[in-house]
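Please read these notes with the structure open beside you.

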Amino acid sequence: MRSEARIDLGAIRDNVRALAGHAAGGAGVMVVVKADGYGHGLVPSARAAVAGGAAWLGVAFLEEALALRAAGVDVPVLAWLTTPGEDLVPAVAADVDLGIYDASELRTAAAAARTAGRPARLQLKVDTGLSRGGATPDAWPDLCAAAAAAEAGGDVQVTGVWSHFAFADGGRDHPTTRRQAAVFAEALEVAERAGLRPQVRHLANSAATLTAPETHYDLVRPGLAAYGLSPVPQLGGPEQFGLRPAMTLASTVALVKQVPAGTGVSYMHRHVTTAASTLALVPLGYADGVPRSATGIGPVQLRGRRRTIAGTVCMDQFVLDVGSDVVAAGDEVLLFGPGDQGEPTAQDWADALGTINYEIVTRIGARVPRVLLGGMP
Ligand SMILES: *Cc1c(COP(=O)(O)O)cnc(C)c1O
(Lines give C-alpha, C1' and ligand atoms only; values in the text may rest on other atoms or scores of the structure.)
Protein backbone atom coordinates (compact mmCIF):
# COMPACT_ATOMS: atom_id res chain seq x y z
CA MET A 1 0.00 0.00 0.00
CA ARG A 2 1.30 3.45 -0.88
CA SER A 3 -1.75 5.48 0.10
CA GLU A 4 -5.41 4.64 0.46
CA ALA A 5 -8.70 6.07 1.62
CA ARG A 6 -10.33 3.43 3.79
CA ILE A 7 -14.11 3.68 3.59
CA ASP A 8 -16.11 2.20 6.44
CA LEU A 9 -19.35 1.36 4.68
CA GLY A 10 -20.84 0.04 7.90
CA ALA A 11 -20.38 3.52 9.34
CA ILE A 12 -22.25 5.08 6.40
CA ARG A 13 -25.08 2.57 6.84
CA ASP A 14 -25.26 3.22 10.58
CA ASN A 15 -25.05 6.99 10.12
CA VAL A 16 -28.02 6.85 7.77
CA ARG A 17 -29.92 4.81 10.35
CA ALA A 18 -29.08 7.46 12.93
CA LEU A 19 -30.27 10.21 10.58
CA ALA A 20 -33.52 8.34 10.03
CA GLY A 21 -33.87 8.46 13.82
CA HIS A 22 -33.37 12.25 13.75
CA ALA A 23 -35.98 12.68 10.99
CA ALA A 24 -39.13 14.11 12.53
CA GLY A 25 -42.65 12.85 12.06
CA GLY A 26 -41.73 9.83 9.98
CA ALA A 27 -39.90 11.84 7.31
CA GLY A 28 -37.85 9.67 4.96
CA VAL A 29 -34.18 10.16 4.17
CA MET A 30 -32.69 11.21 0.83
CA VAL A 31 -28.95 10.66 1.15
CA VAL A 32 -26.86 12.95 -1.03
CA VAL A 33 -24.14 11.01 -2.86
CA LYS A 34 -22.96 13.71 -5.28
CA ALA A 35 -19.27 14.33 -5.87
CA ASP A 36 -18.39 10.63 -5.72
CA GLY A 37 -20.23 10.22 -2.45
CA TYR A 38 -18.36 13.19 -0.94
CA GLY A 39 -15.16 11.40 -1.96
CA HIS A 40 -16.18 8.07 -0.42
CA GLY A 41 -17.18 6.39 -3.70
CA LEU A 42 -20.54 6.95 -5.43
CA VAL A 43 -21.94 3.45 -5.79
CA PRO A 44 -20.61 1.91 -2.54
CA SER A 45 -21.84 4.93 -0.58
CA ALA A 46 -25.23 4.69 -2.27
CA ARG A 47 -25.55 0.99 -1.48
CA ALA A 48 -24.52 1.54 2.13
CA ALA A 49 -27.04 4.40 2.40
CA VAL A 50 -29.83 2.22 1.03
CA ALA A 51 -28.84 -0.53 3.47
CA GLY A 52 -29.20 2.07 6.24
CA GLY A 53 -32.71 2.93 5.13
CA ALA A 54 -32.29 5.73 2.56
CA ALA A 55 -35.53 5.87 0.57
CA TRP A 56 -34.06 8.33 -1.94
CA LEU A 57 -30.65 9.36 -3.23
CA GLY A 58 -29.68 12.85 -4.34
CA VAL A 59 -26.97 13.93 -6.79
CA ALA A 60 -26.04 17.13 -8.56
CA PHE A 61 -25.44 15.95 -12.13
CA LEU A 62 -27.14 13.59 -14.56
CA GLU A 63 -24.06 11.40 -15.05
CA GLU A 64 -24.04 10.72 -11.33
CA ALA A 65 -27.65 9.58 -11.44
CA LEU A 66 -27.08 7.45 -14.54
CA ALA A 67 -24.02 5.83 -12.94
CA LEU A 68 -26.23 4.78 -10.04
CA ARG A 69 -28.79 3.30 -12.43
CA ALA A 70 -26.04 1.53 -14.43
CA ALA A 71 -24.86 -0.05 -11.18
CA GLY A 72 -28.36 -1.36 -10.53
CA VAL A 73 -29.31 1.09 -7.80
CA ASP A 74 -33.06 1.36 -8.27
CA VAL A 75 -34.32 3.61 -5.46
CA PRO A 76 -35.68 7.02 -6.53
CA VAL A 77 -32.88 9.42 -7.46
CA LEU A 78 -33.07 13.21 -7.77
CA ALA A 79 -30.50 15.04 -9.94
CA TRP A 80 -30.69 18.81 -9.55
CA LEU A 81 -28.27 20.61 -11.78
CA THR A 82 -28.48 20.56 -15.56
CA THR A 83 -27.06 22.91 -18.17
CA PRO A 84 -28.69 24.05 -21.43
CA GLY A 85 -28.02 21.56 -24.19
CA GLU A 86 -27.80 18.52 -21.95
CA ASP A 87 -29.68 15.49 -23.19
CA LEU A 88 -32.33 14.71 -20.60
CA VAL A 89 -33.76 11.71 -22.46
CA PRO A 90 -31.53 9.06 -20.85
CA ALA A 91 -32.37 10.42 -17.40
CA VAL A 92 -36.11 10.43 -18.10
CA ALA A 93 -35.83 6.91 -19.52
CA ALA A 94 -33.96 5.82 -16.37
CA ASP A 95 -36.65 7.24 -14.10
CA VAL A 96 -34.38 9.90 -12.65
CA ASP A 97 -36.23 12.79 -11.01
CA LEU A 98 -35.03 16.14 -12.34
CA GLY A 99 -34.69 19.29 -10.31
CA ILE A 100 -36.38 22.10 -12.25
CA TYR A 101 -35.60 25.78 -11.69
CA ASP A 102 -37.34 27.65 -14.52
CA ALA A 103 -39.73 27.48 -17.48
CA SER A 104 -37.00 26.74 -19.97
CA GLU A 105 -35.86 23.66 -18.04
CA LEU A 106 -39.49 22.61 -17.75
CA ARG A 107 -39.94 22.80 -21.54
CA THR A 108 -36.73 20.84 -22.13
CA ALA A 109 -37.88 18.14 -19.72
CA ALA A 110 -41.32 17.94 -21.34
CA ALA A 111 -39.71 17.55 -24.77
CA ALA A 112 -37.41 14.83 -23.42
CA ALA A 113 -40.46 13.05 -22.02
CA ARG A 114 -42.12 13.00 -25.44
CA THR A 115 -38.94 11.52 -26.95
CA ALA A 116 -38.55 8.99 -24.15
CA GLY A 117 -42.22 8.05 -24.39
CA ARG A 118 -42.90 8.44 -20.70
CA PRO A 119 -43.63 11.32 -18.35
CA ALA A 120 -40.63 13.13 -16.88
CA ARG A 121 -40.54 13.08 -13.09
CA LEU A 122 -39.85 16.63 -11.96
CA GLN A 123 -39.14 18.29 -8.65
CA LEU A 124 -39.62 22.04 -8.72
CA LYS A 125 -37.16 24.05 -6.69
CA VAL A 126 -38.05 27.35 -5.08
CA ASP A 127 -35.26 29.72 -4.11
CA THR A 128 -36.21 30.58 -0.54
CA GLY A 129 -33.13 32.71 0.05
CA LEU A 130 -29.90 30.95 -0.88
CA SER A 131 -29.95 32.73 -4.26
CA ARG A 132 -28.44 29.72 -5.97
CA GLY A 133 -30.67 27.33 -7.95
CA GLY A 134 -34.45 27.56 -7.99
CA ALA A 135 -37.21 29.96 -8.94
CA THR A 136 -37.45 33.19 -6.97
CA PRO A 137 -40.69 33.61 -5.03
CA ASP A 138 -41.74 36.12 -7.74
CA ALA A 139 -41.25 33.58 -10.51
CA TRP A 140 -42.65 30.66 -8.51
CA PRO A 141 -46.39 31.02 -9.30
CA ASP A 142 -45.74 31.03 -13.05
CA LEU A 143 -43.43 28.01 -12.80
CA CYS A 144 -46.08 26.12 -10.82
CA ALA A 145 -48.77 27.05 -13.33
CA ALA A 146 -46.62 25.93 -16.27
CA ALA A 147 -45.77 22.67 -14.50
CA ALA A 148 -49.44 22.03 -13.74
CA ALA A 149 -50.28 22.57 -17.41
CA ALA A 150 -47.51 20.20 -18.51
CA GLU A 151 -48.75 17.67 -16.00
CA ALA A 152 -52.30 17.95 -17.32
CA GLY A 153 -50.89 17.37 -20.81
CA GLY A 154 -49.30 14.13 -19.61
CA ASP A 155 -45.69 15.09 -20.31
CA VAL A 156 -44.54 15.49 -16.76
CA GLN A 157 -45.32 14.40 -13.27
CA VAL A 158 -44.41 16.81 -10.48
CA THR A 159 -43.08 14.50 -7.80
CA GLY A 160 -41.54 17.05 -5.49
CA VAL A 161 -41.16 20.63 -4.31
CA TRP A 162 -37.96 21.53 -2.54
CA SER A 163 -35.49 24.19 -1.51
CA HIS A 164 -32.10 24.55 0.16
CA PHE A 165 -30.87 26.45 3.23
CA ALA A 166 -28.21 29.13 3.21
CA PHE A 167 -27.26 29.03 6.86
CA ALA A 168 -28.67 25.94 8.55
CA ASP A 169 -25.28 25.45 10.20
CA GLY A 170 -25.99 28.67 12.07
CA GLY A 171 -28.51 26.75 14.18
CA ARG A 172 -32.27 26.42 13.97
CA ASP A 173 -32.91 29.89 15.31
CA HIS A 174 -30.76 31.67 12.78
CA PRO A 175 -33.02 34.35 11.30
CA THR A 176 -32.14 33.29 7.74
CA THR A 177 -33.29 29.75 8.45
CA ARG A 178 -36.58 30.90 9.96
CA ARG A 179 -37.22 33.19 7.01
CA GLN A 180 -36.43 30.49 4.45
CA ALA A 181 -38.69 28.01 6.22
CA ALA A 182 -41.53 30.56 6.09
CA VAL A 183 -40.96 31.28 2.40
CA PHE A 184 -40.98 27.52 1.73
CA ALA A 185 -44.29 27.09 3.53
CA GLU A 186 -45.81 29.83 1.36
CA ALA A 187 -44.37 28.30 -1.80
CA LEU A 188 -46.02 24.99 -0.92
CA GLU A 189 -49.37 26.75 -0.68
CA VAL A 190 -48.82 28.38 -4.05
CA ALA A 191 -47.99 24.98 -5.55
CA GLU A 192 -51.12 23.49 -4.04
CA ARG A 193 -53.30 26.30 -5.36
CA ALA A 194 -51.80 25.66 -8.81
CA GLY A 195 -53.09 22.10 -8.50
CA LEU A 196 -49.78 20.39 -7.83
CA ARG A 197 -49.74 17.45 -5.40
CA PRO A 198 -46.03 16.60 -4.89
CA GLN A 199 -45.32 13.34 -3.08
CA VAL A 200 -42.22 14.76 -1.42
CA ARG A 201 -41.54 18.21 0.01
CA HIS A 202 -38.01 18.65 1.30
CA LEU A 203 -35.71 21.33 2.61
CA ALA A 204 -33.42 19.99 5.33
CA ASN A 205 -29.70 19.44 4.67
CA SER A 206 -27.49 17.74 7.28
CA ALA A 207 -27.46 20.69 9.65
CA ALA A 208 -31.24 21.10 9.55
CA THR A 209 -31.72 17.33 9.84
CA LEU A 210 -29.84 17.44 13.14
CA THR A 211 -31.05 20.76 14.51
CA ALA A 212 -34.34 21.91 12.91
CA PRO A 213 -37.01 19.17 13.01
CA GLU A 214 -39.77 21.61 12.01
CA THR A 215 -38.17 21.72 8.52
CA HIS A 216 -38.27 17.98 7.84
CA TYR A 217 -41.55 17.69 5.88
CA ASP A 218 -41.59 14.42 3.89
CA LEU A 219 -37.85 13.94 3.46
CA VAL A 220 -34.61 15.12 4.96
CA ARG A 221 -31.72 15.52 2.53
CA PRO A 222 -28.41 15.06 4.34
CA GLY A 223 -25.08 14.54 2.65
CA LEU A 224 -22.20 15.29 5.00
CA ALA A 225 -23.71 13.69 8.09
CA ALA A 226 -24.18 10.38 6.26
CA TYR A 227 -20.41 10.23 5.98
CA GLY A 228 -20.14 10.77 9.71
CA LEU A 229 -18.95 14.37 9.84
CA SER A 230 -20.63 17.09 11.83
CA PRO A 231 -22.22 19.91 9.82
CA VAL A 232 -22.33 22.01 12.99
CA PRO A 233 -18.90 21.51 14.62
CA GLN A 234 -19.51 24.51 16.85
CA LEU A 235 -22.54 22.69 18.32
CA GLY A 236 -21.04 19.22 18.55
CA GLY A 237 -18.83 16.59 16.99
CA PRO A 238 -20.08 13.49 15.17
CA GLU A 239 -20.43 11.44 18.36
CA GLN A 240 -22.88 13.96 19.84
CA PHE A 241 -25.22 13.19 16.97
CA GLY A 242 -24.64 9.44 16.91
CA LEU A 243 -22.42 9.61 13.82
CA ARG A 244 -19.07 8.08 12.98
CA PRO A 245 -16.61 9.37 10.33
CA ALA A 246 -16.40 6.87 7.49
CA MET A 247 -13.14 7.84 5.81
CA THR A 248 -9.58 7.20 6.98
CA LEU A 249 -6.80 8.61 4.81
CA ALA A 250 -3.62 6.59 5.25
CA SER A 251 -0.21 6.60 3.60
CA THR A 252 3.15 4.91 4.05
CA VAL A 253 6.56 6.39 4.78
CA ALA A 254 8.50 6.01 1.53
CA LEU A 255 11.95 7.04 2.77
CA VAL A 256 13.65 8.01 6.02
CA LYS A 257 16.91 9.90 6.34
CA GLN A 258 19.06 11.75 8.85
CA VAL A 259 20.01 15.37 8.22
CA PRO A 260 22.01 17.93 10.23
CA ALA A 261 20.69 21.04 11.96
CA GLY A 262 20.02 23.92 9.60
CA THR A 263 18.78 21.74 6.71
CA GLY A 264 16.21 23.39 4.45
CA VAL A 265 13.25 21.09 3.70
CA SER A 266 11.02 20.95 0.60
CA TYR A 267 10.36 23.68 -1.98
CA MET A 268 11.39 27.16 -0.86
CA HIS A 269 12.90 25.76 2.35
CA ARG A 270 9.93 26.93 4.36
CA HIS A 271 11.01 24.48 7.06
CA VAL A 272 14.59 24.41 8.38
CA THR A 273 15.67 21.79 10.92
CA THR A 274 16.64 23.22 14.29
CA ALA A 275 18.72 20.17 15.29
CA ALA A 276 20.02 17.00 13.74
CA SER A 277 16.76 15.40 12.64
CA THR A 278 15.10 12.47 10.96
CA LEU A 279 12.99 13.30 7.93
CA ALA A 280 10.24 11.02 6.66
CA LEU A 281 8.92 11.30 3.11
CA VAL A 282 5.18 10.70 2.62
CA PRO A 283 3.93 9.99 -0.93
CA LEU A 284 0.77 12.12 -0.94
CA GLY A 285 0.55 15.62 -2.35
CA TYR A 286 -1.80 18.30 -3.56
CA ALA A 287 -2.61 16.24 -6.65
CA ASP A 288 -4.04 13.71 -4.21
CA GLY A 289 -6.07 16.28 -2.34
CA VAL A 290 -3.70 17.28 0.45
CA PRO A 291 -4.15 21.02 0.16
CA ARG A 292 -0.97 23.00 -0.55
CA SER A 293 -2.24 25.34 2.14
CA ALA A 294 -1.44 22.53 4.61
CA THR A 295 2.19 23.57 4.20
CA GLY A 296 3.67 23.79 7.70
CA ILE A 297 0.31 23.16 9.43
CA GLY A 298 -1.29 19.88 8.28
CA PRO A 299 -1.63 17.41 11.19
CA VAL A 300 -0.50 13.81 10.71
CA GLN A 301 -0.04 10.80 12.97
CA LEU A 302 3.08 8.63 12.68
CA ARG A 303 4.09 5.99 15.24
CA GLY A 304 1.40 7.11 17.65
CA ARG A 305 2.42 10.78 17.70
CA ARG A 306 0.92 13.86 16.14
CA ARG A 307 3.26 15.63 13.72
CA THR A 308 2.91 18.63 11.50
CA ILE A 309 3.83 18.69 7.82
CA ALA A 310 7.35 20.17 7.50
CA GLY A 311 7.49 22.82 4.79
CA THR A 312 5.78 22.91 1.43
CA VAL A 313 3.25 20.29 0.32
CA CYS A 314 4.37 19.22 -3.18
CA MET A 315 2.28 17.71 -5.97
CA ASP A 316 3.00 14.09 -5.01
CA GLN A 317 4.64 14.21 -1.61
CA PHE A 318 5.37 15.99 1.64
CA VAL A 319 7.97 15.65 4.37
CA LEU A 320 7.72 15.15 8.14
CA ASP A 321 10.48 16.24 10.50
CA VAL A 322 10.26 13.73 13.36
CA GLY A 323 13.26 15.13 15.25
CA SER A 324 14.99 12.41 17.24
CA ASP A 325 12.08 9.92 17.07
CA VAL A 326 12.73 6.55 15.51
CA VAL A 327 10.63 5.90 12.42
CA ALA A 328 11.15 3.59 9.46
CA ALA A 329 10.33 3.43 5.80
CA GLY A 330 7.13 1.41 5.52
CA ASP A 331 5.55 2.92 8.65
CA GLU A 332 1.88 3.81 8.35
CA VAL A 333 0.97 7.50 8.32
CA LEU A 334 -2.58 8.56 9.20
CA LEU A 335 -3.74 11.94 7.92
CA PHE A 336 -7.25 11.68 9.29
CA GLY A 337 -9.82 9.18 10.45
CA PRO A 338 -12.54 8.80 13.08
CA GLY A 339 -9.98 9.82 15.71
CA ASP A 340 -10.17 6.78 17.97
CA GLN A 341 -6.51 5.89 17.58
CA GLY A 342 -5.48 9.44 18.34
CA GLU A 343 -5.21 10.30 14.67
CA PRO A 344 -6.38 13.70 13.44
CA THR A 345 -9.91 14.02 12.07
CA ALA A 346 -11.14 15.71 8.90
CA GLN A 347 -12.47 18.37 11.28
CA ASP A 348 -8.93 18.89 12.67
CA TRP A 349 -7.71 19.40 9.11
CA ALA A 350 -10.51 21.85 8.38
CA ASP A 351 -9.75 23.79 11.55
CA ALA A 352 -6.01 23.88 10.80
CA LEU A 353 -6.58 25.08 7.24
CA GLY A 354 -9.47 27.48 7.78
CA THR A 355 -11.90 25.49 5.65
CA ILE A 356 -14.78 23.05 6.22
CA ASN A 357 -14.68 19.28 6.69
CA TYR A 358 -16.71 18.89 3.46
CA GLU A 359 -13.77 20.13 1.42
CA ILE A 360 -11.23 17.89 3.14
CA VAL A 361 -12.98 14.63 2.22
CA THR A 362 -14.37 15.58 -1.20
CA ARG A 363 -11.03 16.72 -2.61
CA ILE A 364 -9.19 13.40 -2.18
CA GLY A 365 -7.89 12.68 -5.66
CA ALA A 366 -8.42 9.85 -8.10
CA ARG A 367 -4.90 8.50 -7.52
CA VAL A 368 -5.86 7.46 -3.99
CA PRO A 369 -7.59 4.08 -4.12
CA ARG A 370 -10.75 3.72 -2.05
CA VAL A 371 -10.55 0.55 0.00
CA LEU A 372 -13.97 -0.58 1.10
CA LEU A 373 -14.36 -1.91 4.64
CA GLY A 374 -17.37 -3.02 6.56
CA GLY A 375 -18.57 -6.12 4.76
CA MET A 376 -21.18 -4.35 2.68
CA PRO A 377 -22.59 -5.65 -0.62
C1 LIG B 1 -25.03 19.17 -1.23
C2 LIG B 1 -26.45 19.39 -1.05
C3 LIG B 1 -27.15 18.81 0.04
C4 LIG B 1 -26.46 18.12 1.19
O5 LIG B 1 -25.90 19.10 2.03
P6 LIG B 1 -25.17 18.67 3.40
O7 LIG B 1 -24.84 19.95 4.05
O8 LIG B 1 -23.95 17.90 2.96
O9 LIG B 1 -26.12 17.84 4.14
C10 LIG B 1 -28.52 18.90 0.07
N11 LIG B 1 -29.18 19.57 -0.89
C12 LIG B 1 -28.54 20.18 -1.93
C13 LIG B 1 -29.33 20.93 -2.94
C14 LIG B 1 -27.16 20.14 -2.02
O15 LIG B 1 -26.55 20.77 -3.02
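A residue counts as buried when its relative accessible area is under 20%, as exposed when that area is over 50%, and as partly exposed in between. Please keep in mind that this is a predicted model.

1. Start with the cysteines. C144 has a relative accessibility of 0%, so this residue counts as buried. C314 counts as buried too, because its relative accessibility is 12% and the cut-off is under 20%. How many disulfides does the structure hold? The number is zero.

2. C144 also takes part in a helix pair. Helix 7 covers residues 140-152 and helix 8 covers residues 175-193; their axes come within 9 Å and cross at roughly 35°. On the side of helix 7 the contact is made by W140, P141 and C144, and on the side of helix 8 by A187, V190 and A191. Sorted by class, this contact has six nonpolar residues, with no polar and no charged ones. The crossing of helix 7 past helix 8 is right-handed.

3. Next, look at helix 3. The buried residues of this helix are L42, V43, S45, A46, A48 and A49. What covers them? The cover includes helix 1 (9-22), helix 2 (34-38) and helix 4 (62-70), together with strand 2 (28-32) and strand 3 (56-59). Helix 3 is followed by G53, which has a positive phi near 110°.

4. S45 deserves a point of its own. This serine lies in helix 3, residues 42-51. Is S45 buried or exposed? It counts as buried, because its relative accessibility is 1%. Setting aside neighbours within four places in sequence, S45 is in contact with L9, I12, V33, G37, H40 and Y227.

5. Helix 10 runs over residues 346-353, and its buried residues are A346, Q347, W349, A350 and L353. These residues sit on the same side of helix 10, because they cover an arc of only 160° around the axis. Among the elements that cover them are strand 15 (299-302), strand 16 (305-310), strand 18 (332-336) and helix 11 (357-362). Just after helix 10 comes G354, with a positive phi of about 70°.

6. Two residues other than glycine also have a positive phi. D95 has a value near 65° and belongs to the loop between helix 5 (89-93) and strand 5 (96-100). With a relative accessible area of 35%, D95 is partly exposed. The other is S266, where phi is about 65°. S266 is placed in the loop between strand 12 (264-265) and strand 13 (271-272).

7. Finally, consider V232. Where is this valine found? V232 is in the loop between strand 9 (219-220) and strand 10 (247-252). Its relative accessible area is 0%, so V232 is buried. Not counting residues up to four places away in sequence, V232 touches D169, A207, T211 and F241. As a check on distance, V232 and E86 are 146 residues apart in sequence, and their C-alpha atoms are 36 Å apart in space.

Key. Residues numbered from 1 in each chain as written. Predicted model: local features only at pLDDT ≥ 70, side-chain atom pairs only at ≥ 80, totals over all residues. Heavy atoms only, no water. Helix = DSSP H or I, 4+ residues; strand = E, 2+ residues; numbered from the N terminus. Buried < 20%, exposed > 50% of the residue type's maximum accessible area, 1.4 Å probe, protein only. Contact = heavy atoms within 4.5 Å. Arc of directions from axis to C-beta. Axes fitted to C-alpha atoms, helices over the stretch in contact; angles between N-to-C directions. Left-handed = near helix turned anticlockwise from the far one by under 90°. Nonpolar A, V, L, I, M, F, W, Y, C, P; charged D, E, K, R; others polar. Disulfide = S-S within 2.5 Å.
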